[in-house]
Amino acid sequence: MGFEVVVADINAAATKLREAARGVKDADPSADIDDIATALPGSRSGPKATALGTAWKSRFKKWHDDAVAEAREQEKSADSYDASDYASDLRIRQHGLYHRRGIE
């Protein structure tokens, strides 16, 4: 039993995460909420709209930052798999050279 890692799939997933992060950043509706607070000075709704806008700014930024961080981790993972495969291939080739020469 074993498994196969497809590094291209990991990198493709990281790319999609980066695209999603940009989409989240662009979808932040907090600027529209700020307009509501400005339009309703002195009302009870104004401060609530400001609080909502602040919460949305924070939440959308966190979603963006988390997606970017996960994309970075996936890219690091793909690089690690590539490096491990390369090192294993070198060891196997080296072992083959020694074995052909009668060296253990």
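Trainee: In which helix is W56 found?
Mentor: W56 is found in helix α3. Please keep in mind that this is a predicted model.

Trainee: Is W56 buried, partly exposed or exposed?
Mentor: W56 has a relative accessible area of 30%. Buried means under 20% and exposed means over 50%, so W56 is partly exposed.

Trainee: What does W56 touch, leaving out residues up to four places away in sequence?
Mentor: W56 touches D28, P29, S30 and I33. Of these, S30 lies in helix α2, which covers residues 30-39.

Trainee: And how far is W56 from F3?
Mentor: Their C-alpha atoms are separated by 41 Å. Along the chain, W56 and F3 are 53 residues apart.

Trainee: Let us stay with S30. Is S30 buried or exposed?
Mentor: S30 counts as buried, because its relative accessibility is 4%. Apart from residues up to four places away in sequence, S30 touches G53, W56 and K57.

Trainee: Which other residues of α2 are buried?
Mentor: The buried residues of α2 are S30, I33 and A37. Seen down the helix axis, they fall within an arc of 55°, so they line one face of α2.

Trainee: How far apart are A49 and S30?
Mentor: They are 9.2 Å apart in space, C-alpha to C-alpha. In sequence, 19 residues separate A49 and S30.

Trainee: I would like to move on to H64. Where is its place?
Mentor: H64 is in helix α3, which runs over residues 45-100. H64 is buried, with a relative accessible area of 17%; the cut-off for that term is under 20%.

Trainee: Which residues are in contact with H64, leaving aside neighbours within four places?
Mentor: H64 is in contact with A21, R22, V24 and K25.

Trainee: What about A12: where is it found?
Mentor: A12 is found in helix α1, residues 7-27. A12 counts as partly exposed, because its relative accessibility is 35%. The C-alpha atoms of A12 and E75 are separated by 9.3 Å, although the two residues are 63 apart along the chain.

Trainee: Now the whole chain, please. How many helices and strands does the chain have?
Mentor: The chain has 3 helices and 0 strands. Its radius of gyration is 25 Å, well over the 13 Å that the globule rule gives for 104 residues, so the chain is more spread out than a compact globule.

Trainee: What does the C-alpha trace span along its principal axes?
Mentor: The trace spans about 90 × 25 × 20 Å.

Trainee: How much of the chain is buried?
Mentor: Of the 104 residues, 16% count as buried. The chain exposes about 8,000 Å², and carbon and sulfur atoms supply 56% of that area.

Trainee: What share of the contacts with a separation of 6 or more comes from residues 24 or more positions apart?
Mentor: Such residues account for 76% of those contacts.

Trainee: One last topic: how far apart are the mean positions of the positive and negative charges?
Mentor: The mean positions are 4 Å apart. The chain has 16 positive and 18 negative charges.

Methods: Residues numbered from 1 in each chain as written. Predicted model: local features only at pLDDT ≥ 70, side-chain atom pairs only at ≥ 80, totals over all residues. Heavy atoms only, no water. Helix = DSSP H or I, 4+ residues; strand = E, 2+ residues; numbered from the N terminus. Rg over C-alpha atoms; globule rule 2.2 N^0.38 Å. Buried < 20%, exposed > 50% of the residue type's maximum accessible area, 1.4 Å probe, protein only. Contact = heavy atoms within 4.5 Å. Areas by Shrake-Rupley, 256 points an atom, 1.4 Å probe, with all protein chains shown as cover. Lys, Arg positive; Asp, Glu negative; His and termini not counted. Charge placed at Lys NZ, Arg CZ, Asp CG, Glu CD. Arc of directions from axis to C-beta.
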